[in-house]
Amino acid sequence: MVRKGNLTWAAVLLLTGLALAPILSLGAVLPVSAQNLRSEDLDVQFYRAETALKSGASVLEAKARIDRVLTARPNDAEALKLRSRILMSMDRYDDALRDAKRAVQLVPSDGEAYVILSEAARLAGDDHLAVESLDAAAERVMEDAEFHLRLSWNAALLGHLERSEAYARIALALDPERAAAYYQLARVFVQRDQLADAASTLARGLEQDLLDPVVILSDSLLAPLSTHEQLDGMLN
């Protein structure tokens with residue numbers, strides 16, 4: 001099983017027949033308002049850490065800055081989520097998992113926290129928690145296409161292709177013009193050996209000028225579809 005990799009809830013239940021399982025035994029829960037009281041200096045440290053992570057300029061700088069925030073505010077859920085992402089980028093998966101668990105404990109209504117928890121759990125080798133967290137995240141980010149794409153990607157990496165397809169379908173339904181949703185749904189179909197469905201999905205996106213043939217032809221999963229009859233002449 002692949003572990004590493006860099007993407008209404010009623011619809012998921014209907015498509016997969018899944019039920020939620022308990023995720024964590026929650027500790028003290030802080031009001032969301034209590035999460036947004038950083039000083040100006042700590043806000044600067046937080047956003048510079050986020051920028052450093054996104055740019056890839058210096059993960060060590062990002063870690064040092066977010067550590068300062070959490071030293072002053074150990075119950076800052078947003079900072080815990082950010083440090084979890086930073087730690088994952090440093091291959092420190094157990095530490096990332098610890099921070100993600102704490103973020104969920106502090107704000108159990110936060111869907112992104114569960115997405116990060118699922119990613120950290122998968123990388124730390126806790127597949128059971130990773131799958132449970134996917135379901136909990138989906139329940140909390142029902143109207144967000146981007147998060148459903150992340151859920152689909154992670155479900156595929158966990159080998160749960162039925163879940164992955166369900167999340168990708170929802171992402172596409174939420175944002176029918178999002179190219180990434182077409183690519184991801186087609187990839188899942190290929191992994192499920194549903195090549196006609198994969199080709200049909202790509203054809204719909206190409207017909208609307210949403211997809212780039214170069215992207216399809218450079219993707220190891222999608223490129224073999226170039227000879228499929230439904231894509232005849234569409235990738236030239």
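Colleague: On what basis are the residues numbered and the values computed?
Modeller: Residues are numbered from 1 along each chain as its sequence is written, and side-chain values use heavy atoms, with hydrogens and water left out. In this predicted model, local features need pLDDT of at least 70, side-chain atom pairs count only at pLDDT 80 or more, and totals for chains, interfaces and linings use all residues.

Colleague: Is Arg-38 buried or exposed?
Modeller: Arg-38 is found in the loop between α1 (9-16) and α2 (40-55); helices here are DSSP runs (H or I, at least four residues), numbered from the N terminus. Buried means under 20% relative accessible area, exposed over 50%, and partly exposed in between (1.4 Å probe, protein chains only). At 14% relative accessibility, Arg-38 is therefore buried.

Colleague: With which residue does Arg-38 form a salt bridge?
Modeller: A salt bridge requires a side-chain nitrogen of Lys or Arg within 4 Å of a carboxyl oxygen of Asp or Glu. The closest N and O atoms of the pair formed by Arg-38 are 2.9 Å apart, and the partner is partly exposed, with a relative accessible area of 26%. That partner is Asp-43.

Colleague: Which helices do the buried residues of α3 pack against?
Modeller: Helix α3 covers residues 59-72, and its buried residues are Ala-62, Lys-63, Arg-65, Ile-66, Val-69 and Leu-70. Contact means heavy atoms within 4.5 Å. The packing partners are α2 and α4 (77-89).

Colleague: How far apart are the N and O atoms in the salt bridge of Lys-63 and Asp-67?
Modeller: Both Lys-63 and Asp-67 lie in helix α3, four residues apart, about one turn of the helix. Lys-63 is buried at 14% relative accessibility, whereas Asp-67 is partly exposed at 21%. Their side chains meet at an N to O distance of 2.6 Å.

Colleague: How many residues apart in sequence are the parts tied together by Arg-163 and Asp-135?
Modeller: The side chains of Arg-163 and Asp-135 meet in a salt bridge (3.1 Å, N to O). Arg-163 lies in helix α9 (residues 161-174) and Asp-135 in helix α7 (residues 127-140), so the pair ties together parts whose separation in sequence is 28 residues.

Colleague: Which residues are linked with Lys-63 in a network of salt bridges?
Modeller: The structure holds 20 salt bridges. Side chains of opposite charge can pair when their charged atoms come close. Linked with Lys-63 in the network are Asp-67, Arg-83, Arg-92, Asp-95, Arg-98 and Asp-99.

Conventions. Helices (H or I, at least four residues) and strands (E, at least two) are DSSP runs, numbered from the N terminus. The expected span of a helix is 1.5 Å times one less than its number of residues.
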